[in-house]
Amino acid sequence: MHYKKKIFKLVLFLLIGSSPFFAFSHSTTNSSTILVQGKFGNWVLQIRASLTAFENEVNTRFTIDGYKTPDEFKERVVEFLSENIKISFDKNKPIVFEKSSVKLGHETVVLFYFNAPYEFKNLEIQNSSFTNIYNSKNALLVFKDGLQKRNFFLDKTNQFKINLVVKGNTLEELNKKKTTFNYYSILLFIGVLSAIVYLIYRSNKFKSQKIPI
């Protein structure tokens, strides 16, 4: 019972959005994907974004004539998100959402409920819901007992998809792009800069030399 109260308080906290981290969801370009683990494999998925962002994507998917009432808009939102969100544990088939709810507002909140393994080693998440919005960035958080909380991001650079693995008591990104490219880019820049400096030096030295008559 105490555990259920703990999860309820956590979900309530997320819904209220009192943390400064969630304030950025009022921006059209920013959204968030939050996974909260309950007891015995019960999970809650929360999607937060500005109402403008949802309107933009729903209208793109269904056209502005795809709904006439707020309730119909909520149905389109759930349908649209379900098409664009894929979550799988340990390389299994993507999970299926069982229930959902939508709270419309300047910052709109959508909740999905589903069952998934309590313990896992691998977690793949894709949320391509807001790809039509320029410079879209989706913050990802996973709340699970025993795991440290870390922030990840879904954006154009990773095609709004991430593969996470459990290592000890933390989640880490699998196959994260190495910094080799940046390292070699810096070396190349230094090399080119050195060559330019050397050429300028040689040029000035040549000009300073007296030409024999």
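Figure 1. At 31% relative accessibility, Asp 90 counts as partly exposed, a class that lies between buried, under 20% relative accessible area, and exposed, over 50% (1.4 Å probe, protein chains only). The model is predicted, so local features need pLDDT of at least 70 and side-chain atom pairs count only at pLDDT 80 or more, whereas totals for chains, interfaces and linings use all residues. Residues are numbered from 1 along each chain as its sequence is written, and side-chain values use heavy atoms, with hydrogens and water left out. Asp 90 sits in the loop between β3 and β4, where helices (H or I, at least four residues) and strands (E, at least two) are DSSP runs, numbered from the N terminus. Although Asp 90 is not a glycine, its phi has a positive value, near 55°.

**Figure 2. Thr 63, a loop residue with positive phi.** This view turns to the loop between α2 and α3, which is the place of Thr 63. Thr 63 is another residue type than glycine, and yet its phi is positive, at about 70°. With a relative accessibility of 44%, Thr 63 is classed as partly exposed.

Figure 3. Strand β6 (residues 122-127) runs antiparallel to β3 and is joined to it by five bridges; two strands pair if DSSP finds at least two bridges between them. Within β6, Glu 124 is the bridge partner of Ser 88. Leaving aside residues up to four places away in sequence, Ser 88 touches Lys 93, Pro 94, Asn 122, Leu 123 and Glu 124, a contact being heavy atoms within 4.5 Å. Of these, Asn 122 is 34 residues from Ser 88 along the chain, while their C-alpha atoms are separated by 8.3 Å.

Figure 4. Six strands make up an open sheet with mixed pairing, in the order β4-β5-β2-β1-β7-β8. Its edge strands, each of which pairs on one side only, are β4 (99-103) and β8 (151-155). On average, and with direction ignored, neighbouring strands of this sheet are turned by 20° against each other. Lys 99 has Tyr 113 in β5 as its bridge partner.

Figure 5. On one side, β2 pairs with β1 (residues 30-37) in the antiparallel sense over seven bridges, and Gln 37 has Trp 43 in β2 as its bridge partner. The hairpin of β1 and β2 has four residues between the strands, and in this hairpin Phe 40 takes a positive phi near 60°. β2 also pairs with β5, again in the antiparallel sense, over nine bridges, with Glu 107 in β5 as the bridge partner of Ser 50.

**Figure 6. Helices α2 and α3 against the strands and against each other.** Helix α2 (residues 51-62) lies across β2 (42-50) and β5, and runs at about 95° to β2. Helix α3 (residues 70-84) lies across β2, β4 and β5, and runs at about 55° to β5. Axes here are lines fitted to C-alpha atoms, for helices over the stretch in contact, and angles run from 0 to 180 degrees between N-to-C directions. The two helices pack at an angle of about 80°, with their axes 10 Å apart. α2 and α3 are therefore roughly perpendicular to each other, as angles of 65 to 115 degrees are called. The residues of α2 that take part include Leu 51, Phe 54, Val 58 and Phe 62, and those of α3 include Phe 73, Val 77, Phe 80 and Leu 81. By class, this contact of α2 with α3 has eight nonpolar, no polar and six charged residues, where Ala, Val, Leu, Ile, Met, Phe, Trp, Tyr, Cys and Pro count as nonpolar, Asp, Glu, Lys and Arg as charged, and the others, Gly among them, as polar.

How values were computed:
Angles under 35 degrees count as roughly parallel, over 145 as roughly antiparallel, 65 to 115 as roughly perpendicular and the rest as oblique.
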